[in-house]
Amino acid sequence: FLLNKCQVNEKFNMTEDNHSLTTEFILIGFSNHPELRTILFLVFLIIYLITMVGNLGLVALIFAESRLHTPMYIFLGNLALMDSCCSSAITPKLLQNFFSKDRIISLYECMAQFYFLCLAETADCFLMAAMAFDRYVAICNPLQYHTRMSNKLCLQMTTGAYIAGNMHPMIHTGFLFRLTFCRFNQINHFYCDVLPLFRLSCVDPYINQLMLFIFAGSVLIFTITLVVISYLFILFTIFTMKSNKGKGKALSTCASHFLSVSIFYGSLIFTYVRTNSGNEEDKDILVAIFYTLVIPLLNPFIYSLRNKEVINVTKKVLKIS
């Protein structure tokens, strides 16, 4: 990452007198196959509808049912809310662009889209870490659960996730104002992210890249460390269980949760904390699909379908015997 500074400086050491400043961008992601636009539109529309129904339905269920007013479900409800925010920040504009002739997004719309996406993803990182810690206390120290996971601690962890979720994009959005754009205005992506903007900047984006590396890396390292340590203790406790039935059930549940967390963190690391290795926009698009569309779609089902209490409450609400 740091070794590319000299190359970046050389690339951006040029006059801007003959360039007009760009205030609008064209999102050209998925535009290479116009014959597939109807199919892609329907696929992403269905994903969006299922995502919103699944996540907002889970939020409403947890809010309405007093039996679910526990730390685990409070974290899960806030995770579902942030997944809805993530999907809503991306998908409506994506669907519009499939049948739009210009595919234009203004600079301020671009910043707003990145802000809400970054807010949702950052809050998700901390909420997933909080959920992992909650499961660690519940499985490894069940007798101390209500003492250690108090309502006060739950509120503090949830509030901290939202504060970090807002502070992180504020930093990067603020640093975007130091950049000027006078080159090509085409962004090879299906939403407005900071990495494509860095490539279009007429100003050396080294400071922006460094801030992204430091802050995104810090968020990921802290939350991943907490998740991994929590699951290691959970696995150790599971393997010491005497009941094979209980061991298998716990392993199955933890495996599905850990798979979701691994895909989410892995795609974020690949996108934001890897070295700059050239033109990789196509890979960025494929990876971005996972953490912006697939994970928000799967989370409410991964965390709920294996949970008997959520299923029983859902049956009660729907009056299914």
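This is a predicted model: local features need pLDDT of at least 70, side-chain atom pairs count only at pLDDT 80 or more; totals for chains, interfaces and linings use all residues.
**Entry 1: Leu 176**

I began with Leu 176, which counts as buried because its relative accessibility is 2%. Here buried means under 20% relative accessible area, exposed over 50% and partly exposed in between, with a 1.4 Å probe and protein chains only. Residues are numbered from 1 along each chain as its sequence is written, and side-chain values use heavy atoms, with hydrogens and water left out.

I found Leu 176 in helix H6 (residues 151-176). Helices (H or I, at least four residues) and strands (E, at least two) are DSSP runs, numbered from the N terminus.

Which residues does Leu 176 touch, not counting residues up to four places away in sequence? I listed Met 111, Val 194, Leu 197, Phe 198 and Asn 208; contact means heavy atoms within 4.5 Å. Phe 198 is 22 residues from Leu 176 along the chain, and their C-alpha atoms are separated by 8.9 Å.

**Entry 2: the nonpolar core**

Next I looked up the largest nonpolar core, which has 82 residues, and saw that Phe 190 and Tyr 272 touch the most other members. Helix H4 (residues 107-140) gives this core its largest share, 20 residues. Such a core is a set of buried Ala, Val, Leu, Ile, Met, Phe, Trp, Tyr and Cys residues joined through side-chain atoms within 4.5 Å.

I then followed Phe 190: leaving out residues up to four places away in sequence, its contacts include Leu 27, Phe 30, Ile 90, Leu 94, Ile 289 and Leu 293.

**Entry 3: helix H2**

How many residues does helix H2 have? I noted 28, at positions 37-64. From first C-alpha to last, H2 reaches 39 Å, close to the 40 Å expected at 1.5 Å a residue, where the expected span is 1.5 Å times one less than the number of residues. Among the buried residues of H2 are Phe 44, Tyr 48, Met 52, Asn 55 and Ile 62.

I also checked the UniProt record: its unreviewed entry lists several spans as "transmembrane region", including residues 39-64 and 70-91. Such annotations may be inferred rather than shown by experiment. In the model, residues 39-64 are 100% helix, with end C-alpha atoms 37 Å apart. Residues 70-91 are 95% helix, and their end C-alpha atoms lie 31 Å apart.

**Entry 4: the whole chain**

Finally I stepped back: the protein chain has eleven helices and three strands, and 46% of its 321 residues count as buried.
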